[in-house]
Amino acid sequence: MSKWKIYTPDGVQDILFDECYSKRELENKIRNTFRAYGYYEVETPAIEFFDVFSSEVEHFPQESMVKFFDQKGRILVLRPDITVPVARVTATKNRDVKLPIKYSYIGNVFRFNEVGGGRQNEFTQAGVELLGDYSSESDAEIIAIAINILKTAGLESFQIDIGQVEFFKGLAEEAGFSNEDTVRISKLIDRKDIVGLAEIAGGYEMEDELRKLILKLPGLFGSIEVIKDLKKVTKNSRSIAALENIEEVIGILGDYGFSRYISVDFGMLKGLNYDTGIIFRGFTYGVGFPILSGGRYDNLTSSFGRDCPATGFSLGINMLMTALEKAQMPLEKPNVDSLICYKKANRKNAIEIAEALRKQAMNIETFVLTDEIQQGISYAVSKQIGGVIYIQDSGKITVHDIVNNMTKETSYNELLNK
Amino acid sequence: MRYLTIALSKGRLTDMAMELFEGIGIDCSELKSSTRKLILSDEKNKIKFFLAKPADVPTYVEYGAADIGIVGKDTILEEGRNLYEVLDLGFAACRMALAGPAELEGKIDELNIKRVGTKYPNIARNYFEKTRRESVEIIKLNGSVELAPLVGLAEVIVDLVESGRTLKENGLVVLDTIADISARMIVNRVSMKMENERIQKIINGIADQLKSMKR
């Protein structure tokens, strides 16, 4: 009966002391960056109705969601993302709040992923969403926050790839692709599968110049110089507007001083229904997956009943931690400053000192000796606590410096810096 | 400079892939020698190679354990990994096909196919669900798939067809072509961006070589 008792389910993990500590530190840095830009934090429930995540705009594959039923037989899911709940909030509870609204969040999300390389079925997502503004400034601000977070986290070499899906949509319109083929073609471009792309595009009559441009899309990535060349050969107004938007966004990021992190990719196409403008992804060495992704999604909130432009990004904290580990960043570790050892008879004295030191913002542990002081010292050594304070009879106090193997006598006042 | 890692499919693709890499000045001599080392390298160009089972190559590349991989389109379709498929190498060409007894020829649209024997369950499932819009029972086999319709294990099979000789000798025919297959070069999505210059140089070099081979 208890066959699975000692195991955790696939794709979830226990996060223990050191790792948990550095994760919290990282979350705090991220949270402070969010606050610095005026994005207030929200918490949405971990459990939502299935319907929330299966709108026409953002349709999470049914098989990737963790599902169960409530007492009334309605289908519930563990949230696979937090962007969609934020859109729901904007269209419902925050219906009357003046736009723009800026949200941030840090919370766990759940997906049946293939596990490994930093991917888990339960993982922590941190992100921001800016609702109610169409401007390129908003697009750029979101990317600037993402860059700042990677920098604050201590990542040195990373790259933010920016795309603009409207550029492709304009070309697809101009070429007269059917809706079905537009989706198929976008997937082939996103895979950089030129063979497959040429095959489908071959079935359509169009001007040579347009065909050339479409076939070039998988290779249109890298330096921002690409945009200039594209402006010369682009004819339809939708694609031209897309180029102007991405150019402006990159200009603004230049004002932030972030140009060196930026590259472009016009062949980056994810969800054509969901994405409506700028999209971007963050990469670094040593991790095979993007560490963050984001972009504009102006259609999502309307599926909840309020028309409202939107942009945002999210990053996987676990993925970022994998990246930091690969970049050999030293992890911050929890620590205890001193271990106070005493025998029962001196308890009152010991507790008083411990509490006084804790008030001075020190991390203090206590240890009741049933034997000689060596007992406390060996515990301190095993937990890598550098100092042991031994409270002895008639007010005698000794300090044992374990690192330098030194012992000296001290007094109550000296200990508390009085 | 970081090492670029290339995953090669063990088997019939290995020699052809090696030739292409040697053609652009990458030293594969260590790979050719019969050493037992698993990872071999060209120190001058900072490139590492390893040989893997074909079905594992897309996995290594998707996770970034290898930056570049050489593998058949059949494996790419079957594994369904999220990666860049940058180059058709053209060799090892054949096709993925639906095949069955000759008497089914021209009748597949009327036929209610129930059981499909295949080494490629994902390709078969995709084909029936997306292209034919039918539910079928997939029976995963590990070899000699042609046997399945002969002994009544399945009505039809989905398998690679090169010359069609094996099919013919067993009274089977191709009923539909699912996809054209050949060896491909695949690249990890992050590597393509972070090591763009070096990877692009390899892609272009091999593409040029393929062009001159055709002529």
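In which hand does α6(A) cross α7(A)?

1. The crossing of α6(A) past α7(A) is right-handed, a term for the near helix being turned clockwise from the far one by less than a right angle, left-handed being anticlockwise. This is a predicted model, in which local features need pLDDT of at least 70, side-chain atom pairs count only at pLDDT 80 or more, and totals for chains, interfaces and linings use all residues. Residues are numbered from 1 along each chain as its sequence is written, while chains are lettered from A and ligands numbered from 1 in the order in which they are written.

2. In chain A, helix α6 (residues 194-201) packs against helix α7 (residues 208-216) at about 150 degrees, the axes being 10 Å apart. Helices are DSSP runs (H or I, at least four residues), and strands likewise (E, at least two), numbered from the N terminus. Axes are lines fitted to C-alpha atoms, for helices over the stretch in contact, with angles from 0 to 180 degrees between N-to-C directions. The pair α6(A) and α7(A) is therefore roughly antiparallel (angles over 145 degrees).

3. From α6(A), A:Ile194, A:Leu197, A:Ala198 and A:Ala201 meet A:Arg211, A:Ile214 and A:Leu215 of α7(A) (contact: C-beta atoms, placed from the backbone, within 7 Å).

4. Between the chains, the contact draws 16 residues from chain A and twelve residues from chain B.

5. As for confidence, the model has ipTM 0.84 and pTM 0.90. Chain B has an average pLDDT of 90, and 99% of its residues reach at least 70 (pLDDT: the predictor's confidence in each residue, from 0 to 100).

Technical notes. Contact = placed C-beta atoms within 7 Å. Parallel < 35°, antiparallel > 145°, perpendicular 65-115°, else oblique.
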